[in-house]
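Biologist: Could you take me on a close look at one helix in this model and the helices it packs against? I'd like to hear how they cross and which residues make the contacts.

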Amino acid sequence: MVVEIDQSIKIEQTHADTIIGIANSKQIAVCITRQIKRKLEKDFRKADRRRLFSLRTFIAGCVLGLEYAKFKNLSDVVIDIEYTGQERRLRSIFLEMWSRRHDSEPDVSFRLIGKGSKAHEVCWKTQRGKRKPDVVLTYGDIKKLALSRVN
């Protein structure tokens, strides 16, 4: 099963909530609030890992969103290119986080998703208030996953 992931409002833009859209035959909207992003950014600063804040928080949101969606037979994850040139690092972070919680690993790739994608659609509708997020991630859940290997 192939799943696409898109993001609306980047993690490092702490003035607004981030929506991560996950889609195949169903659509899931995951919200990381601006307040949580600001708290996590402080945590990463304290750990002297400020440069990893956006990448690890984004991937933690993706992993937690995929777990919430409970996709069966997940084989391929396609993530929109949000952080150009960071694809190898993002894949490594994804597999590190995923493997701590799951036995099998999906194939992770990066490409431009585009506006015709269901993942983009769910992000856009949620960001515009035309749809509620399916899950609002908690500070504790993201921190546990995103900061566990950083310290």
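Modeller: Happy to! Keep in mind that this is a predicted model. Let's start with helix α1, residues 34–46, and its meeting with helix α5, residues 139–146: their axes come within 10 Å and cross at roughly 30°. The crossing of α1 past α5 is right-handed. On the α1 side, the contact is made by I36, K39, L40, D43 and F44, and α5 answers with Y139, I142, K143 and A146. Sorted by class, that contact has 6 nonpolar and 3 charged residues, with no polar ones.

Now turn to helix α2, which spans residues 53–69. Its axis and that of α1 also come within 10 Å, and here the crossing angle is roughly 130°. Because of that angle, α1 counts as oblique to α2. The handedness of this crossing is right-handed. From α1 the contact takes K37, L40, E41 and F44, while α2 brings F53, R56 and T57. This contact of α1 with α2 divides into 3 nonpolar, 1 polar and 3 charged residues.

Terms used:
Residues are numbered from 1 along each chain as its sequence is written. This is a predicted model: local features need pLDDT of at least 70, side-chain atom pairs count only at pLDDT 80 or more; totals for chains, interfaces and linings use all residues. Side-chain values use heavy atoms; hydrogens and water are left out. Axes are lines fitted to C-alpha atoms, for helices over the stretch in contact, and angles run from 0 to 180 degrees between N-to-C directions. Helices (H or I, at least four residues) and strands (E, at least two) are DSSP runs, numbered from the N terminus. Angles under 35 degrees count as roughly parallel, over 145 as roughly antiparallel, 65 to 115 as roughly perpendicular and the rest as oblique. A crossing is left-handed if the near helix is turned anticlockwise from the far one by less than a right angle, and right-handed if clockwise. Contact means heavy atoms within 4.5 Å. Ala, Val, Leu, Ile, Met, Phe, Trp, Tyr, Cys and Pro count as nonpolar, Asp, Glu, Lys and Arg as charged, and the others, Gly among them, as polar.
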